[in-house]
Amino acid sequence: MTELPLEAVLFVFLLVVGIVVGRLRNLFGAAMLTGIFSFLSAGLFTLLTAVDVAFTEAAVGAGISTVLFLATLALTDDTERESERSWLAIGVVSLTGLALFFGTFDMPAFGDPDAPIHHGVGRHYLMHSWDEIGLPNVVTSVLASYRGYDTFGELAVVFTAGIGVLLLLRSKAAVMGAKAKPIPVRSRAPYVREMPIVRAVAKVMLPFILLFALYVQAHGDFGPGGGFQAGVVFAAAFILYGLVWGPRAVQGIAPERMLEGGMAFGVLLYGGVGVAALFAGGTFLDYSAFTPEHPSHGQHWGIFLVELGVGITVSAVMVVIYFVFTARPRPRLPKRKKGALAPPRLTAVPELPVETPKEGSS
Amino acid sequence: MSLALAIVGTVFLAGGVFFCVVGGIGLLRLPDFYSRCHAAGMTDSAGAMGILVGLCFFAEPLVIVKLLTVVGFIWLSSVVSTHALVKAAYARGIKLENPRVRDWTVRPAKTAAAEAAGDVPKAAKVPSLDLAAMADSDADAGSTSGGEQGLAQSHGAESESESESESESESESESESESESESESESESESDDSEESRT
Amino acid sequence: MDFPYATEVFFSAALGIVVTMSLALLRSILGPSTYDRILALNSFGTKTVLLIAIAGFLDGRPEWLDLAIVYALINFIGTLAVLRFSKYGSLAAATQPSDDEEEVPERPSLEQP
């Protein structure tokens, strides 16, 4: 009721940002606006009381997606090329848009109690999840138990994405497992020396981020949160460490072999819980079979393990993607004509005189 | 009692919203990037604190702890991100718009000329000359124009060393201070070598 | 809530934040430089934290503050990435050799003549 005008305003903002992102040629700026899009979505989800979704959007949008966008821009070009206007494409897109818009007239009004969504299984979940599963957060019950198959499939998708990135983008120059030993402090000097304030604050924040990730992981049963969000926040801590101290410092802590193992282990843990339920006499992913005398205990254990699997896989995949993107050397770009209107590349700054020649003095 | 708390909280909220909106207006209206940073920083610190502390007066103890945590982390992280951002922007040569403000990290032409004549040890000269070449200096433009000349000259008339040290302390921008980079040059180049050899 | 006008207070605070959001959004659209966009993004992030915090109180569910904590904790990672990217054109290495000679000027020589 009262927040409806706020939602409307945020929707208008979303529309504006979308149009601007589409029209912007500078991809660096577009990446920033995408960040704003993510913030707006998170705010909207919160206002619509979809807090778990908002949490996911928050974790991904704040910590990961900007970094990955920039990592991609570092590998490609940061200016979009002019492309010819294709009237056929515009026609198809407008037709589809019109059709979708027309389709919305058949949708139930917002908050309509007669909407189909309120009469299917959703009603059952809402009414019986406390007795059957016993978690205060119904979203977690639905996600990890009632709809455990779907979540397992999603986890497999995340895992596959990680594998795909590894297969496609890992370069020979960046075989990381071979150099997994921690780099000596001396060669970290360029990183460490460069940003003392950032370094100090990152040191302060890192333990809190990790701790908060564990809190989100464990607290997903009771409030917004869960394995996916926790995994992303956990990975964000590693990425922060990599941004401040360099990716190779992270490889000292989390060698690639370990991360690859983690990717697989999470999925295996999830599937293993399902198979264990089979052995205990239930159906696949039916956690109640663990403790037949007290089904909700088994549900608790099952959900805990399953969420743990999700968290491990998600964080490992995120860190691996970050590694692969940053470790890949930049490809040689086609040379741009001098005086072309493209903005200067962001590398064009003679920064710290890092390669200071040895001087006779001092 | 509770009513009084609520009123205090409302006052805090109103103050926070005021700072937020003023900061937003500043973000939109101020002339150059750095002053916009100032406006945004005010929103982040005063506005966020006002609103979150205001909410504390309506909340239970655990929620108060969470709110104060958020305040603390916002203070830490947004300040650092603004710092990082300004450094990045300065490194890219984003300019000051206000002609009355002089960029102290860029040396006026006069001083540079004096250095070229050999008044100052040459080792100290080079990095700051790089700066001047890198960022288009407003100060250079200003010192040639009439009104700014007096200012630039008066500072130039002070001892070189002072303007030197000031320029360093003003911003620990790209390169470190000369003396430091000199003393560290040995170890640094070594570490660079080791890094390259490893890759 | 004992205070009779609590909802109105929260709502108007949220409204003020949305107004500020619109200002930051305008700045991010106008540019002119990319850094203005980043600044607007940062500012927008803080506004989102505040909006989420207030939304929790509006709905009487203050445990949503966990979301605000997430943003407060990891929001600056993106800006650090921007810093690193704009300094080296890459998120990887401080001393990464660039293979694009045309666009990267020579490092200034520090050798004495």
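Guide: Leu126(A) is found in helix α5 (residues 121-132) of chain A. This is a predicted model, in which local features need pLDDT of at least 70, side-chain atom pairs count only at pLDDT 80 or more, and totals for chains, interfaces and linings use all residues. Residues are numbered from 1 along each chain as its sequence is written, while chains are lettered from A and ligands numbered from 1 in the order in which they are written.

Visitor: Why is Leu126(A) called partly exposed?

Guide: A residue is buried if 20 or more other C-beta atoms lie within 10 Å of its own, exposed if 12 or fewer, and partly exposed in between, with C-beta atoms placed from the backbone. Leu126(A) has 13 such atoms within 10 Å, so it is partly exposed.

Visitor: How many residues of chain A and of chain C count as buried, in percent?

Guide: In chain A, 43% of the 362 residues are buried; in chain C, the share is 60% of 113 residues.

Visitor: What makes two residues a contact, and which ones does Val70(B) have beyond its sequence neighbours?

Guide: Their C-beta atoms, placed from the backbone, must lie within 7 Å. Leaving aside neighbours within four places in sequence, Val70(B) is in contact with Leu52(B) of its own chain, and with Val49(C), Ala53(C), Leu65(C), Ala68(C), Ile69(C) and Ala72(C).

Visitor: What is meant by a nonpolar core, and which residues touch the most other members of the largest one?

Guide: The term covers a set of buried Ala, Val, Leu, Ile, Met, Phe, Trp, Tyr and Cys residues joined through C-beta atoms within 7 Å. The largest such core has 168 residues, and Val233(A) and Val70(B) touch the most other members. Helix α13 (residues 295-327) of chain A gives the largest share of this core, 17 residues.

Visitor: How many residues do chain B and chain C bring to their contact?

Guide: Chain B gives 49 residues and chain C gives 44. On the side of chain B, α3(B) supplies the largest share, 18 residues.

Visitor: How many residues on that side of chain B are nonpolar, polar or charged?

Guide: Ala, Val, Leu, Ile, Met, Phe, Trp, Tyr, Cys and Pro count as nonpolar, Asp, Glu, Lys and Arg as charged, and the others, Gly among them, as polar. The side of chain B that touches chain C has 31 nonpolar, nine polar and nine charged residues.

Notes. Helix = DSSP H or I, 4+ residues; strand = E, 2+ residues; numbered from the N terminus.
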